[in-house]
Amino acid sequence: MVAVTTADLAPTAAVKIVSAGTAGCVADLVTFPLDTAKVRLQIQGEFKSSPEGQRAKYRGVFGTIYTMVKTEGPRSLYSGLVAGLQRQMSFASVRIGLYDTMKQFYTRGSDNAGIGAQLLAGCTTGAMAVALAQPTDVVKVRFQAQVRLPESGSVKRYSSTIDAYRTIAREEGVKGLWKGCLPNIARNAIVNCSELVTYDIIKELILRYNLMTDNMPCHFTAAFAAGFCTTIVASPVDVIKTRYMNSVPGQYSGAVNCTLTMLIKEGPTAFYKGFVPSFLRLGSWNIVMFVSYEQIKRAAMRLRRSEESDSR
């Protein structure tokens, strides 16, 4: 994203968009069980009036994964994967793939973007991505949250990804597919700014002081730091987003009501429920995504140069 070497020509916006979407899908495939565990921990305690809600079913990220595999089978860890991949192809493509383009827009074509332009670019692409991909996020969260115990024969909330889109649109209206859009925009403004800007700044510093070359160890270090910073900043908004998107119609009157209900019934620590899986997921997701993104971009540009040399 920064400090492009002469050996690597600057990739076009189209290459960045496709590379970002593909890298997001690769990262989701690797880290999806952690994301599912995070969702289950975040919604735990939501229905404290019921006997199930009064006792903690899941304890810790690995305990959650173990419980899910034991009671629901290994496939439960990848419930909602199809919607997750659909989300990344539309979501990551915009928020990451267009980030450099938006930086140039705010600096009027200059390659030297300050922190202000970086933050504006992160907020803009984050909001654009949510507006486009929100229905896929709603469906993904609903699938990850639904519990099906084989021995009880309980019925799934949705039978397939397409069924989920249809059912939500039919029962909750088209608005239901954009449920939680505002808190998600707030979350992704925070996530994008902390994730992309932190990655940008740390990578730039590493290269400026010649601590590493512009290769995989540099990308790994910058991505890990970006994931840690993002988890600390974004966890409260992430929990609210998950609770609100997973709620049944009428449970909360809005995102603010959801926030107040959590604070009153469960206390401030509720906003950091699932923090460890969030960090494990965001840290590992960032590492896989950014490393994949940089390598896919370079591979695409090498292929393009090779095709250009062959045509001469």
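**Ground rules**

This is a predicted model, in which I read local features at pLDDT of at least 70 and side-chain atom pairs only at pLDDT 80 or more, while totals for chains, interfaces and linings use all residues. I number residues from 1 along each chain as its sequence is written, and side-chain values use heavy atoms, with hydrogens and water left out.

**Helix H4**

I took helices as DSSP runs (H or I, at least four residues), numbered from the N terminus. I looked up H4 and found that it covers residues 81–95, which is 15 residues. Its first and last C-alpha atoms are 20 Å apart, close to the 21 Å expected at 1.5 Å a residue. The expected span is 1.5 Å times one less than the number of residues.

I then checked the axis for bends, where the bend at a residue is the angle between axes fitted to the seven residues ending there and the seven starting there. H4 bends by about 30° at Gln88.

Next came burial, with buried set at under 20% relative accessible area, exposed at over 50%, and partly exposed in between (1.4 Å probe, protein chains only). I noted that 11 of the 15 residues of H4 are buried, so the helix is largely enclosed by the rest of the structure. Among the buried residues are Leu81, Ala83, Gly84 and the run from Ser90 through Phe91, Ala92, Ser93 and Val94 to Arg95. Gln88, where the bend sits, is also on the buried list.

I counted a contact when heavy atoms lie within 4.5 Å. The buried residues of H4 pack against H1 (13–43), H5 (99–106), H6 (115–145), H7 (161–172), H9 (181–208) and H12 (275–311).

Two packed helices are described by the angle between their axes and the distance between the axes. I used axes that are lines fitted to C-alpha atoms, for helices over the stretch in contact, with angles from 0 to 180 degrees between N-to-C directions. Angles under 35 degrees count as roughly parallel, over 145 as roughly antiparallel, 65 to 115 as roughly perpendicular and the rest as oblique.

For H4 and H6 I read an angle of about 180° and axes 8 Å apart. That makes H4 roughly antiparallel to H6. On the H4 side, the residues that meet H6 are Ala83, Gly84, Gln86, Arg87, Ser90, Phe91, Val94 and Arg95. Their partners in H6 include Thr125, Gly126, Met128, Ala129 and Lys140.

For H4 and H9 the angle is about 60° and the axes are 12 Å apart. The two are therefore oblique to each other. The contact is made by Arg87, Phe91 and Arg95 of H4 with Arg187, Asn188, Val191, Asn192, Glu195 and Leu196 of H9.

**Single residues**

I looked up Ser79 in the loop between H3 (61–72) and H4. At 16% relative accessibility, Ser79 is buried. Leaving aside neighbours within four places in sequence, it is in contact with Phe32, Thr36, Phe143, Gln144 and Gln146. Ser79 and Ser160 are 81 residues apart along the chain, and their C-alpha atoms are separated by 9.8 Å.

Tyr106 lies in H5 and is partly exposed at 32% relative accessibility. Not counting residues up to four places away in sequence, Tyr106 touches Ala117, Leu120, Ala121 and Thr124. Tyr106 and Gln118 are 12 residues apart in sequence and 8.6 Å apart, C-alpha to C-alpha.

Thr167 has its place in H7 and is buried at 7% relative accessibility. Its contacts, leaving aside neighbours within four places in sequence, are Tyr158 and Glu172.

I also looked at backbone phi. Most residues other than glycine have a negative phi. Arg108, in the loop between H5 and H6, has a positive phi of about 55° although it is not a glycine. Arg108 is exposed at 81% relative accessibility. Asn210 also has a positive phi of about 55° without being a glycine. Asn210 is found in the loop between H9 and H10 (216–246) and is exposed, with a relative accessible area of 66%.
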